[in-house]
Amino acid sequence: YALGFVGVVAVAQLAVNALKDIGATVVEFDRGLSNIRALGDEFAGSIDRIAQAAIELGPKLGVAPVEALKGFEELAKAGLTTEQILTGGLESALTLAAAGEIEVGQAAETTAAALTQFNLAGEQAGLVADLLAKGAAVAQGGVGDLSAALNQSGLVASQFGLTLEETVGGLTAFAQAGLIGSDAGTSFRAALLRLQNPTEESKKLLEQYGIELVNSRGEFIGLSEIAGQLQDRLSGLTEEQRGATLATIFGQDAIRVANILYKEGAQGIEKYTKTVNDSGFASGVQQEKLNNLSGDLTKLKNSYDALILSIEKGDG
């Protein structure tokens, strides 16, 4: 009798906890929808579509519906429209979060920033996820480190004429050499700004060694081309002479980037740029990371949340 009584109490407690979890999930999801409505009429008018996307897409990618809403909110705050978010932006941000094991908010911020900085459409958000996931797979650090580097350097790189692929390729080369995270992004930005506005001493050295930064149309020739020229023109110098030359051209804040560009040359930078441009890579990593017991439990929990929210929204 005692054991039976204990069992009944245990079952009752489980039921109470389950009800509490259901209530908390519904409340948090509704709060997330309210936050999105508050962003403006465009989002408020599409709130049912947004809710359904979070309920369906989140569990599919191993993310709770509530977290999917947070991702949508971050993308919206960054300036993406509802259509941009629902036609690729949200799915790619959630895929990046799962593949890189980073917070959904961070993945959404990185995705939105990259799309904005490089003037890409929401449908191209998958490119951001693939580049960062592949870069993290072939170099030191993780997706979070590469995201931090891109956040620091993306805007200047884009203004300089670099593509997103070239930029992430360069950052991957830096990461492989041990220069990672925001330090890499800051140094890369400093290098580009120095090339954009060289000092008088820098100009003299660039002319002396025949290093040309722009083509006949006045456009920046590209990162791999710069790396190739550095390697070709400075290879005859002693290590000490080369170090001093690179420090004068790029400045002390960017000397590590300059040394890596010299070492890699055109072929090295081109190799990393091609390597990270691997379509569908992030999705493959995301699926593989869910292909285990822990992933199965995560999918089960998220699917249960989705079922509860669908019923609560009148879809079940």
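A pocket is here an open set of points on a 1 Å grid over the protein atoms alone, with protein on both sides within 12 Å along at least five of seven lines, whereas a cavity is a set of points where a 1.4 Å probe fits but cannot get out; lining residues have an atom within 4 Å of a point. Grid points are joined across faces, edges and corners, and a volume is the space filled by probe spheres set on the points. The model is predicted, and local features require pLDDT of at least 70 and side-chain atom pairs pLDDT 80 or more, while totals for chains, interfaces and linings use all residues. Residues are numbered from 1 along each chain as its sequence is written, and side-chain values use heavy atoms, with hydrogens and water left out.

The lining of the second largest pocket comprises 14 residues, and Glu-91, Ser-92, Thr-95, Gly-126 and Ser-283 lie nearest its centre. Two or more lining residues are contributed by each of helix H5 (82-100), helix H7 (125-138) and helix H15 (281-289); helices (H or I, at least four residues) and strands (E, at least two) are DSSP runs numbered from the N terminus. By class, this lining divides into 3 nonpolar, 7 polar and 4 charged residues. In this classification Ala, Val, Leu, Ile, Met, Phe, Trp, Tyr, Cys and Pro count as nonpolar, Asp, Glu, Lys and Arg as charged, and the others, Gly among them, as polar.

The search of the whole structure also returned 2 cavities of 30 Å³ or more. The largest cavity holds about 50 Å³ of space, and its lining includes Gln-140, Asp-145, Leu-171 and Ile-180. Helix H8 (143-159), H9 and H10 each give two or more residues to the lining of the largest cavity, and H8 gives the most, with 3 residues. The class composition of this lining is 7 nonpolar, 3 polar and 1 charged.

The second largest cavity has a volume of about 30 Å³. Phe-188, Ala-191, Leu-192, Leu-195, Leu-223, Ile-226, Phe-250, Val-257 and Leu-261 form its lining. The elements giving two or more residues to this lining are H10, helix H12 (223-234) and H14, and the largest share, 4 residues, comes from H10. The lining of the second largest cavity consists of 9 nonpolar residues, with no polar and no charged ones.

In soluble globular proteins, nonpolar side chains tend to be buried together. In the present model, the largest nonpolar core has 89 residues, and Phe-29, Leu-164 and Phe-250 have the most contacts inside it. Helix H14 (residues 255-276) gives the most to this core, with 9 residues. A nonpolar core is a set of buried Ala, Val, Leu, Ile, Met, Phe, Trp, Tyr and Cys residues joined through side-chain atoms within 4.5 Å; buried denotes under 20% relative accessible area, exposed over 50%, and partly exposed the range in between (1.4 Å probe, protein chains only). Neighbours within four places in sequence being set aside, Leu-164 is in contact (heavy atoms within 4.5 Å) with Ala-114, Phe-118, Leu-120, Leu-127, Val-128, Leu-131 and Leu-150.

The structure contains 3 aromatic pairs. Rings of Phe, Tyr and Trp (its six-membered ring) pair if their centres lie within 6.5 Å, and planes under 30 degrees apart count as stacked, over 60 as edge-to-face and the rest as tilted. One of the pairs, Phe-43 with Phe-72, is edge-to-face, at 6.0 Å centre to centre and 90° between the planes. Phe-43 belongs to helix H2 (residues 41-44) and Phe-72 to helix H4 (residues 65-77), and the pair links distant parts of the chain, 29 residues apart. Phe-43 is buried, at 7% relative accessible area, as is Phe-72, at 1%. For Phe-174 and Phe-188, the ring centres are 5.2 Å apart and the planes stand at 70°, so this pair is likewise edge-to-face. Because Phe-174 lies in helix H9 (residues 164-176) and Phe-188 in helix H10 (residues 181-196), the pair ties together parts 14 residues apart in sequence. Both Phe-174 and Phe-188 are buried.

Most residues other than glycine have a negative phi. Glu-101, in the loop between H5 and helix H6 (104-117), has a positive phi near 55° and is exposed at 62% relative accessibility. Asn-119, in the loop between H6 and H7, has a positive phi of about 55° and is exposed, with a relative accessible area of 68%.
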